[in-house]
Amino acid sequence: MKTPALYIIDGTRTPFCRMGSSLASQTAVDLGKNAITNLLTRTGIDPAEVDEVILGCVGQPPEAQNVARVVALRAGLPERVPAMTVHRNCASGMEAVFTAHQRLCAGHGEIFIVGGTESMSNTPFYFSRPAAEKFTTLSRARTFGTKARAAVAFRPADFAPVVGLKLGLTDPYSQLNMGETAEVLAREFSISREAQDAFAARSQLLANSASHIHQAEISPYYLQDSATGFINTDNGIRADATAEKLAKLKPVFDPKWGSVTAGNSSQITDGAAALLVAGEDAVRRHGWEPIARLVDYAVTGCDPKRMGLGPVRAMDAVLHRTGFTLADMDLFEINEAFAAQVLAVMKCVKDPAAARAAGLDSPLGEIPTEKLNLAGGAIALGHPVGATGARLILTAIRQLQQRDAHRALVSLCIGGGQGAAACIELC
Amino acid sequence: MNTLVLDPTQDPDQDLQMTNQPREVVGTHFLYRIDNDGLCWMTFDSPNSTVNVWSTESLTELASHLEHLSHETALRGFIFRSAKERIFIAGADLKSMRNLPSSGLQKLVWLGQATFDRLARLPVPKVALIRGACAGGGYELTLACDYRIAIEDDCTRIGLPETQLGLLPGWGGCTRLPRLIGTRRALDVILKGRLMDARNALRQGLVTHLVPAGHAEDTARKLLKQPVPSAPHHWDRSPLVTPFLRWAARRKVEGATRSLYEAPLRAIDVVTAAASHSVEFGLQLERDALNHLLMGSQAQHLIDLFFQREAASKHRPAIGVAMPVHNAAVVGAGVMGAGIAQALAARGLSVLMTDVAPEALAHGIERVRDLTDTAVRKHAIDRKTARDTLDRVSTSCTPVPLTHKQIVIEAATENMALKKKIFADLAARSAADTILATNTSALSVAELAATVPHPERVIGMHFFNPVHRMPLVEIVRLPETSPDVLATAIAFVQKLGKVPVVVQDSPGFVVNRILMPYLLEAVRLVEEGVPVERTDNAMLDFGMPMGPLRLLDEIGIDVANHVYHTLREAFSDRLPALKTLDTLLAAGHLGKKSGQGFYLHTKAETKAKVFSATANPLDADSIQLRLSLVLSNEAALCLHEGIASSAGDIDLAMVLGTGYAPFRGGPLQHLDSIGRDYARSELHRLAHSMPAPNPFTPAP
């Protein structure tokens, strides 16, 4: 049986802004709502035509569980259109696209709004379990005596917050922080600090020179508290980045021996992206002119301690399913969670020993640098975890259009030891 | 009256217990039921109508029911409610009152008082269950009850709007309200004359309880079982205090209205006197004052305007089907564009606001947000409503498809070439049946319509600035405009809570066409050496909300000049050429926005400028006559040319669009008030004494 094809009609995103900067006042709901409203405006479609809204979001806002539903309603989708939030850590925004395709295959709808939203600025702080218990006791106390006793049970340490973001960026299974998994890869595959910094500088400079491409994706975000009343540029890009300047930064995760710094890692960022996708019949019925087609995709698992290698086997799976080779790809878009991690992936697809270490029988070929992340990546643009997956697909499409190319392989590593990859072609 | 007593039992043994059996009495306007607990549930349900109003018939019937109930020994409590969904009682039936002779009016005033007094004297606790509009005489009925329970509902609106109609609450409102909430607050409620939602009514003390629908009856039963609490004591009802309150209130009202309106001043007198005297005395004062006001011209004019406004707000054209509009676009994010977008979004429409640059959109969005925030601050809407309003406004600075918009309103700057370009672009991006509306104040809609395919969907929609405050929208229909498009535009404007007046495509339409010669005549007075302040004060005394020269400064000399030139092309035989406007323009004195025009505008004060060394001795009366005749004469010409379909439409448009003294009823009504022959002779005199061209040649 031939699987139905999923077409991407259009897409847009908010500007990506560093945590605590211009978009810090906006919740994941606001960001997602903005992306979807602008998507509806750009495409001019009637929201009632949409069969479901599927959004990725990693740190679900406590005030908006199933954030996709809240976003959809506020963006003006009719109440009868359902919405779900998907969670596959860093690939959540891409998972939303996959889920839409699976819905389409199963005959559950044919027009979807997909994407992701993340406000890392608004990740909550928590109280520790013992502190929470003391608060519960206090709230249940009725008499003055029990209240006083409950109150004096508190210790200063109880008021130290548990940082939600830190929890989120730590894999509870391997007990390693994401940065520490990058250090593992750097050591195992001998990725030098210099190579990482050079890659990071490349990302910054490419992102800067491709800012017109990013501009085309971005819908201006109107915000009273910004100086001009609106934001329409990503604010993480450093046009003056050089490997020398980056070399001065201290390693964050392993201060003594490490090589992973804030400069050669992805940035912690707020942002949202949304795509309108639909099956072939719907495309024909509405006379839409889709910009791209999802050819195939795969999600695979790997060692959580080396989660950065996720793309290796995920790309392998997509190549297997499609019958393409790496040489058939005009462009590659691999999420830059860490420079060390992307460089490790490139080594693993090429070098036989490394390939074996990554779980491949034989190398896949080569990802030429001149085809990889040509508009920069998350090191420059930032990595709002729930939104990145959708952003990568959008960026890949704009790149293909820009360069008159046809086919791209998009992939990212996933905290907890997974990889996702998708092959897309322009229509 | 056909009353029908249902006997629930045929068993003679039970006849002794009859008083404890439920009984039902069905009248014409009322039906009531006395239940097992001895509670009388009185339901107001006027036949063949969606509203309940007080007329001679309904009052007489209620009085007779109350008379029967007063002999009911087993009665324990009384509950008054309405069977209508959105109306409790809309007040007195003004329509039938207009046809009553003066003796009939006096009788009606007495009948209302007597009926409500009878209710007040009913020796059991009484409750009014208020859901929907409860205005004027409707609220005065509830004042005769011990408890007023408002039911949570969006359509619940409570208040005493009589002073807005040139009347005063004369069925116990002026007397009983101060006893309930104190003199000061009663004065505030009666003088503002605003209808409040249930929450505000509770806050102001107009109702005693606020309950969710479904709990009202139980709440009433509970309250009726308890003893009625004694009336609250209000220190400001003391005869030592009320004269001071009267003085303070009069001072305030006299300042705000230049003592032009009779009703609020009479209301102050009655409320303050009734507060410190007996109920009987208060009712007597109410009756006298109301009878006096009912005979005056102010109330007649204000009530006429009220009806005209109601008619325009509900008007459905005879042919043409109104299509529902829920998705709209506004082109241009300037002051008008943003104002229109906000008005649409506030009424539940999705609205796309477009402009060429994000900078412009940022200003537009900020304006929408400011208007919405202000509404929250004034408790007009809650935070969720504000958020939803803002969520409904989307933006774009690139050309996006408009195929799903039912209406697109262009609100760009007043430039025909630009508007034509925009319309061509809009026509290309929208569906063939998308209504294309232009918010122009003077440009030709026909010229614009000629440039697009399907001109039958083009219409003019002239909103006034500031959009959120101005209720008028001139709808400009072209001969080719389709009946469906016109019907849709009318219904759309009504949905926005605005008043549509349909006008023909003629330069300046109705409002600017009539206003401009008046403003120019005021400028001519300046050129003749009449001091700026004298002219403006004369017209303030006439009842205008702002003097003409001050208004020119507010509008902006450049904007006014633009409208002037558009009109002068068409009416060169009537509009004078004036050098003062050009002089001001050349000097960059554009009015308030540039710091000076006819006035000097500084942060601290606004001061009239001196334009002539020798002051012209022309007195205020002559100024008033001359300027008001310009307005009335131009209005008569508009009517003669068929720009609007009726005199009422023109009067309404002028009152709502320019604030023309409402108590005078409008420029055409004013013509009747001063006498058409007198006006004609004065116009002839002025036409001959003024240099041509002048606007005084009398309309045919």
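Q: Leaving aside its neighbours within four places in sequence, which residues is B:Ser46 in contact with?
A: Keep in mind that this is a predicted model. Setting those sequence neighbours aside, B:Ser46 is in contact with B:His29, B:Asn52 and B:Ser58. As for B:His29, its C-alpha is 4.4 Å from that of B:Ser46, although the two are 17 residues apart in sequence.

Q: Why is B:Ser46 called buried?
A: Count the C-beta atoms: B:Ser46 has 22 others within 10 Å. The cut-off for buried is 20 or more, so B:Ser46 counts as buried. You'll find B:Ser46 in the loop between strand 3 (39-44) and helix 1 (56-70) of chain B.

Q: What about the phi of A:Ser190?
A: That phi is near 50°, a positive value in a residue other than glycine. Most residues other than glycine have a negative phi.

Q: How do you know whether B:Phe509 is buried or exposed?
A: B:Phe509 has 26 C-beta neighbours inside 10 Å. Buried takes 20 or more, so B:Phe509 counts as buried. B:Phe509 also has a positive phi, about 50°, without being a glycine, and its place is the loop between strand 19 and helix 19 (511-527) of chain B.

Q: Why do strand 17 and strand 18 of chain B count as a pair?
A: Pairing needs at least two bridges. Four bridges join strand 17 (residues 458-463) to strand 18 (residues 472-477) of chain B, so they pair, running antiparallel.

Q: What makes strand 14 and strand 19 of chain B edge strands?
A: They belong to an open sheet of eight strands with the order 14-13-12-15-16-17-18-19 in chain B. Strand 14 (393-396) and strand 19 (499-504) each pair on one side only, and that is what an edge strand does here.

Q: Which element gives the most to the side of chain B that touches chain A?
A: Helix 14 of chain B does, with eight residues. In the contact between the chains, 21 residues of chain B meet 15 residues of chain A.

Key:
Residues are numbered from 1 along each chain as its sequence is written. Chains are lettered from A and ligands numbered from 1 in the order in which they are written. This is a predicted model: local features need pLDDT of at least 70, side-chain atom pairs count only at pLDDT 80 or more; totals for chains, interfaces and linings use all residues. Helices (H or I, at least four residues) and strands (E, at least two) are DSSP runs, numbered from the N terminus. A residue is buried if 20 or more other C-beta atoms lie within 10 Å of its own, exposed if 12 or fewer, and partly exposed in between; C-beta atoms are placed from the backbone. Two residues are in contact if their C-beta atoms, placed from the backbone, lie within 7 Å.
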